[in-house]
Every structure is written in structure tokens, then in C-alpha cells.
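Hi,

Here is the structure you asked about. Please open it alongside this note; what I found follows below.

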Amino acid sequence: MYSSVRSILLVLIAGIGDFVMATKAIRAVRSGYPDAEIHVLTSSEGAVIAQRQPGVDRVWAFPIRELRGDRFRVRPIIRLVRHLRKIRYDVVANLYPVGSWAGSAKMGLLFSCLRARSKIGQTSGLLRFFLDERLPTNVFAGKHMVEAMTDVAIAIGGRSDSGGLELSCRDDSSGKWDSLFTSGGGDPPRLVIGINPGGDRPNRRWPAAKFAMAAATLTARCGARVIIFGGPGEEPIGQEIQDALDGTALNLAGQLNLRDLPFFLSRCDLLMTNDSGPMHMAAALKTPVVALFGPENADYFRPYSSPDLYRVIQKPVACRPCNQATCRSGLCLEAISPAEVVERSLELLNVADSLIGQPRVENSAGISRRCTALLR
């Protein structure tokens, strides 16, 4: 443990799901340094979630996604670094792995600009030359990303616990949206199934037509109500699924902000999803998840939740893991059938119903009665 630590900057310039996976590590740092000022530097999207993270005193948003769209949009980054340089942190630690020489060089440049008594991170590429304490290269190897980032937190003096991930729902979301989940006329509440067909890269997305087929089967067999999620730019995917379901699904693709999304995910009895940020958000909320994995290794990025609350579907292919943004064949996801997704969904609903039965999702009552017979 570092002595006399009054300020810590945790660097996590990654996506929404990556920040959610880091919440256990952040909690560990707070436990190890209860009186320290803890800041987090994360992506613009992650910052929206980080604003409500317990134990974080200040969030700095790094516009990494915006930079991808416009390589010359560097002025906001320069201003951000200038603000950070005014603060002399006791500890600056990089929580996330650096996977390439280019990424290592960029992270090294950032660390060279920061002022700190001690800079800590993974020994990787050029970044190693800007660190005061170098963690082993394999610190992220062979373990789930949540556990790996927690190990980094422990290395800087954090104290881990047996708890899982954390995600808060916005206080006013229930008042704004709860009517969408209320049954009228005294009818029993309907099963709510969420679909998240988007993903950070095209080759992480199971075909929209297959999502629609699985949803149609579950709707017919369980009387389920379907809600389609999706971020900006994923509206066409949501529309394709809604059209295939003859307009019966509630299509929210491109309509929800990240502050309200946790509320909707918490109200779902099941989320069928690609490997994505909403997958990790749902896992943190203890919403049952059927996760469809393509190029990534599910052992490292699966939902971090009770085994009774998720099912991973991933087919063995020789080319995994794959860091390409596109793929001509798409074998890893094309091999997953709607029938298999339906089977895993029904299985999970019956198991999860006996576990949940708690205030988290009141509309899950009666799932076993409606679906158990369908598995026989």
C-alpha cells in the first residue's frame, strides 16, 4: 500500500461495458483508500455511467470515439490534458490492458503528460518507459477482465471483496417510464424480453433476422413482450427486427439515453444480446442474460454474474480471437441458430425465476408456470 495517498487517477479509456466491468476494481480502490480523492478518466460514453458510480469523486471524459470519427479533433483532448496536468496526483494507474504498440504509444504519451508521484500500469510496448511501477505483461492473461482489473486495483493498495459489479438506475427513470411496464385491467404482468442486436463492431452482431426469429418464437410460446434496444446509428437494425415482428415489438433503438437504459434493462425478465456494453450492464443489474459471442473469448468477457443468471452461446472457430472490425464469413456468429437461442432463453427463464422473486423485477412473477411445460 502506498503511504500518504490523497489523490488517485484511474485511467480507463474504453467502452461502456469495460467501465461497468471495472466497477469492482474501483470499489476495491475506494476500500483501500477511504479518504483519498479518486478521479476516473474514461471515454465520453463511460463517463455517463461513471457519474453515478459510488466512490468516485470526479469523472474526466476522454473523447476517444469522437477522435475515431475525426482524427483532427484534438483540441478537446489538449484542453483535457492541460486540466489534468494542473493536478499532481499521488497515484495514476492504468486499469485496462494495452493491446497494441500503437495503443501503447498513445497511452505512453498520455502518461508522459500527467503529473504524479507514482505512475502504474501494465508492462506493454512503449508505455513501460513512462511508468514508475510496472505490472507484469501477463496481468490480464488467463482471467476474466473483471478479475484482472481488480488485480490491478489490489496492486496499488486496493482491497477487494466478494461482491460483483455495480450499476445504479437514474432516480427519475421510474417516474418517466414505469407506465410502459404496467399491465391494465388486472391482467397478470407479461414476460418482458429485451433484445440488444447492436455491438461495437459489425462482426460482433448476430444477424437481425435471427434475433427476430428467436423473439417471434418466444412471443408465441410465452406471451412475451419484446423491447428492442440500440444506440445511435443502430436504428436500422432495430427497425428491421420490428418490421419482422409485424410492429408488435417496442423499438427503442436510438431513442434511449445511457442514463435511462439501466432502468429498462432492470425491468426485463431476460436480455438476448450480443457481446456489448448493455450485456455487462444487464449482468450488473442481475437481469438474466443470453449472450451471443463471436470474435471475443467469452472466458474473459462473459457476463460477470451468477452462473444461474446467464447463458453464453459461442461456437468453436479457429480464427478466434479476432480484432478485425469486419469479417467476410462471419462463421462464429452465423453458426448460432435461433432455435438454440430460444432453448437457452427458456432454460434460463425457468432457472432465474426461482432465484429472482425479489423486488428487482416484479413482472417476473409466473414465468415458471407459463414456460416450464414448453421445455418438455
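Which residues does Met149 touch, leaving aside those up to four places away in sequence? The model is predicted, and in it Met149 touches Leu12, Asp18, Met21, Ala22, Ala25, Leu95, Tyr96 and Phe140.

Met149 also belongs to the largest nonpolar core, which has 65 residues. Together with Ile8, Leu10, Val29, Phe229 and Met281, Met149 touches the most other members. Helix 7 (residues 145-155) gives the most to this core, with 6 residues. There is a second, separate core of 31 residues. Ala208, Ile228, Ile237 and Leu349 are among its members. As background, nonpolar side chains tend to be buried together in soluble globular proteins.

Look at strand 10 (residues 270-274) and strand 11 (residues 289-292): 4 bridges join them. Asn274 stands opposite Leu292 in strand 11.

Last, the cysteines. With a cut-off of 2.5 Å between cysteine sulfur atoms, the count comes to 0 disulfides. Cys222 is buried, at 5% relative accessible area. Cys169 is partly exposed, at 26%.

Best wishes

Conventions
Residues are numbered from 1 along each chain as its sequence is written. This is a predicted model: local features need pLDDT of at least 70, side-chain atom pairs count only at pLDDT 80 or more; totals for chains, interfaces and linings use all residues. Side-chain values use heavy atoms; hydrogens and water are left out. Buried means under 20% relative accessible area, exposed over 50%, partly exposed in between (1.4 Å probe, protein chains only). Two strands pair if DSSP finds at least two bridges between them. Helices (H or I, at least four residues) and strands (E, at least two) are DSSP runs, numbered from the N terminus. A nonpolar core is a set of buried Ala, Val, Leu, Ile, Met, Phe, Trp, Tyr and Cys residues joined through side-chain atoms within 4.5 Å. Contact means heavy atoms within 4.5 Å.
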